[in-house]
Amino acid sequence: MAKKDPRPLDAGLASLHGKDEATAVEWWKQRLTLIAAIPSVAARAGAVIPQLRELSYFPSDERRRLTKARMHAFLALPFDQQ
């Protein structure tokens, strides 16, 4: 049986564990802005996958908190970046 790699899939998202709401929203705004700048639709979708997988490793209350922060950050972005 292979050993599980202990490194996070998304180190930036893993660093948000335990941080306050404002920090999480700002981090998500920055990350979503970077993803919006990717020209290919398939590449943008691929850029989101590691974040979603990393969220699945968090406890449910932390996952809900970070997902809520992601939604607030998304709504705060300009329409062309959403």
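Helices here are DSSP runs of H or I with at least four residues, strands are runs of E with at least two, and both are numbered from the N terminus. With that in hand, welcome to the tour. The model on your screen is predicted, so local features need pLDDT of at least 70 and side-chain atom pairs count only at pLDDT 80 or more, while totals for chains, interfaces and linings use all residues. Residues are numbered from 1 along each chain as its sequence is written, and side-chain values use heavy atoms, with hydrogens and water left out.

**The whole chain**

Start with the protein chain in cartoon view. The C-alpha trace spans about 45 × 30 × 15 Å along its principal axes. Switch to a surface: the chain exposes about 5700 Å², and carbon and sulfur atoms supply 61% of that area (Shrake-Rupley method, 1.4 Å probe; for residues, only the protein chains shown count as cover). Of the 82 residues, 24% are buried, where buried means under 20% relative accessible area, exposed over 50%, and partly exposed in between, using a 1.4 Å probe and protein chains only.

**Stop one: Gly 12**

Select Gly 12, which sits in helix 1 (residues 11-14). Which residues does Gly 12 touch, beyond those up to four places away in sequence? The list is Trp 27 and Arg 31, a contact being heavy atoms within 4.5 Å. Now draw a distance from the C-alpha atom of Gly 12 to that of Gln 51: the two are 39 residues apart along the chain, and the separation is 9.0 Å.

**Stop two: Pro 50**

Move on to Pro 50 in helix 3. Pro 50 counts as partly exposed because its relative accessibility is 31%. Setting aside residues up to four places away in sequence, Pro 50 touches Leu 9 and Asp 10. Its C-alpha atom is 9.2 Å from that of Pro 8, 42 residues away along the chain.

Helix 3 covers residues 41-55, and Leu 55 belongs to it. Is Leu 55 buried or exposed? Leu 55 is buried, because its relative accessible area is 4%. Show its contacts outside four places in sequence, and you will see Leu 13, Trp 28, Arg 63, Leu 66, Thr 67 and Arg 70.

Next, select Leu 13, Leu 16, Trp 28, Leu 55 and Leu 66 together: in the largest nonpolar core, which has 13 residues, these touch the most other members. Such a core is a set of buried Ala, Val, Leu, Ile, Met, Phe, Trp, Tyr and Cys residues joined through side-chain atoms within 4.5 Å. Helix 2 (21-36) and helix 4 are the elements that give two or more residues to this core, and helix 2 gives the most, with five. Centre on Leu 66 and its contacts, leaving out residues up to four places away, are Leu 13, Leu 16, Ala 24, Trp 28, Leu 55 and Phe 58.

**Last stop: Glu 62**

Finish in helix 4 (residues 60-76), where you will find Glu 62. Glu 62 counts as buried because its relative accessibility is 11%. Apart from residues up to four places away in sequence, Glu 62 touches Leu 16, His 17 and Gly 18. Zoom in on Gly 18: its backbone nitrogen lies 3.1 Å from a polar atom of the Glu 62 side chain.

Notes. A polar contact is a pair of N or O atoms within 3.5 Å; within protein, one must be able to donate a hydrogen and the other to accept it, and residues adjacent in sequence count only if both atoms are side-chain atoms.
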